[in-house]
Amino acid sequence: MLEEPVRILIAAAICWLNFVTVDLIFKLPEKGGVIGATAIAEQVEATGGNKNGGFMMGNIVSSPDASAGTLLAACGVYCSGLFGGLFAAVLVYIGNRICYDPGYAGTTGCLTATLIVYGAVQSGWFAASDFIAGMVIAILTIQGISSMYASRLIGRLWRIRSRFIRAGRP
Amino acid sequence: MIAIVVCAVLAVYAGLRVVTERNTMKKLPFVNVISFGVAGVIALLLPHPLTILAAAAYFVGSTLESNAIASTWAGGMRRDD
Amino acid sequence: MIDTVMIACVALILIGMAATIAARDPFDKLISLSVMIAGVFPFIADRGYLDVAIAVALVAPISTIFILMACRRETA
């Protein structure tokens with residue numbers, strides 16, 4: 001096993017890739033799910049950011065999406081193994097329904113994160129607590145450093161994703 | 001041991017950012033970072049099966065609170081679909 | 001609970017309290033109040049009162065929604 005700070009940074013990179021990929025696949029940066037998410041996107045755009053990145057930030061704030069699924073899956077695996085991760089997926093689905101959201105992104109992100117975290121723990125390279133701290137670092141890079149640069153980064157990724165939509169792929 | 005300190009320190013950092021941010025809507029992403037950090041701290045403090053329920057309940061509650069504040073600020077609890 | 005985490009949670013409560021007192025806008029006040037509530041949870045969970053933590057986590061947002069009904073945004 002590596003040193004703990006190194007493991008936390010690698011886990012942060014894995015969590016970041018997981019939740020950004022799932023959110024882009026489920027088209028979170030396309031539009032605001034609720035009226036509050038649209039308001040956040042407008043404020044982010046007014047202060048120099050990208051509107052599609054603002055939609056994704058607003059959607060993350062106003063309903064539990066794949067990032068929340070990744071965190072709760074790591075908590076579930078830390079507390080009671082594989083079964084805990086699946087239980088967390090059920091809780092994320094219920095939470096999505098409470099916040100007027102269809103809930104596909106959160107549940108899918110939670111299930112993939114459960115598989116990733118459980119596999120990493122079984123392989124002996126990581127502990128489940130690394131993924132909890134790693135997910136907090138990963139969400140900090142999107143929501144907590146600078147809304148302008150984070151939204152521009154997501155806007156650039158969304159432009160790549162929307163090329164696949166025009167080519168006819170779902 | 002380092003993991004729980006990382007979660008707690010990042011929550012305090014986000015709390016300071018909430019206080020120093022002037023725009024009301026741009027405070028909400030930092031509140032989201034706080035709820036991630038605190039949910040992580042709750043789960044790391046006490047490894048028990050019921051802790052998942054507590055962390056998920058706290059996280060969903062905090063998200064619902066942010067959702068309600070943002071929607072009311074934007075003019076009513078209407079859904080736009 | 002180790003000392004660093006305890007100090008961090010106390011700092012979160014104090015930051016939220018000071019910001020709630022200092023804020024002028026009602027929405028800023030509610031956001032600062034949720035920062036303060038966030039600092040309380042680790043203390044409840046550390047003692048093992050997980051049922052209390054679940055109850056408080058579900059009651060706090062409902063009280064916020066009731067306050068929001070009272071302060072709509074006509075003034076701003």
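Modeller: From the N terminus on, chain C runs α-α-α, that is, 3 helices and 0 strands. Helices (H or I, at least four residues) and strands (E, at least two) are DSSP runs, numbered from the N terminus. The model is predicted: local features need pLDDT of at least 70 and side-chain atom pairs count only at pLDDT 80 or more, while totals for chains, interfaces and linings use all residues. Residues are numbered from 1 along each chain as its sequence is written, chains are lettered from A and ligands numbered from 1 in the order in which they are written, and side-chain values use heavy atoms, with hydrogens and water left out.

Colleague: Why is chain C called more spread out than a compact globule?

Modeller: The globule rule is 2.2 Å times the number of residues to the power 0.38, and the radius of gyration is taken over C-alpha atoms. For the 76 residues of chain C the rule gives 11 Å, whereas the radius of gyration is 14 Å, well over that value, so chain C is more spread out than a compact globule. Its C-alpha trace spans about 45 × 25 × 10 Å along the principal axes.

Colleague: What does the globule rule say of chain A?

Modeller: Chain A has 7 helices and 0 strands. For its 170 residues the rule gives 15 Å, and the radius of gyration is 16 Å, close to that value, so chain A is as compact as a globular protein of that length. Its C-alpha atoms fill a box of roughly 45 × 35 × 30 Å.

Colleague: How do you know that chain A and chain C do not touch?

Modeller: Contact means heavy atoms within 4.5 Å. Chains A and C do not touch, and their nearest C-alpha atoms are 12 Å apart. Among the 2 pairs of chains that touch, the most contacts are between chains A and B.

Colleague: What makes R7(A) and D130(A) a salt bridge?

Modeller: A salt bridge is a side-chain nitrogen of Lys or Arg within 4 Å of a carboxyl oxygen of Asp or Glu. The closest N and O atoms of R7(A) and D130(A) are 3.0 Å apart, and the pair forms a salt bridge. It links distant parts of the chain, R7(A) in helix α1 (residues 4–25) and D130(A) in helix α6 (residues 128–144), 123 residues apart. By this rule the count comes to 3 salt bridges over all chains.

Colleague: Which salt bridge crosses between chains, and why are its residues called buried?

Modeller: D28(C) and K27(B) meet in a salt bridge at 3.9 Å, N to O. The pair runs from helix α2 (residues 26–46) of chain C to helix α2 (residues 24–45) of chain B. Buried means under 20% relative accessible area, exposed over 50%, and partly exposed in between (1.4 Å probe, protein chains only). D28(C) has a relative accessible area of 13%, so it is buried; K27(B), at 6%, therefore counts as buried. R7(A) and D130(A) are buried as well.

Colleague: Why are D46(C) and R47(C) placed in the classes they are?

Modeller: Their side chains meet in a salt bridge (3.3 Å, N to O). D46(C) has a relative accessible area of 24%, so it is partly exposed. R47(C) has a relative accessibility of 56% and therefore counts as exposed.

Colleague: How much of each chain counts as buried?

Modeller: Buried residues make up 56% of the 170 residues in chain A. Of the 76 residues of chain C, 41% count as buried.
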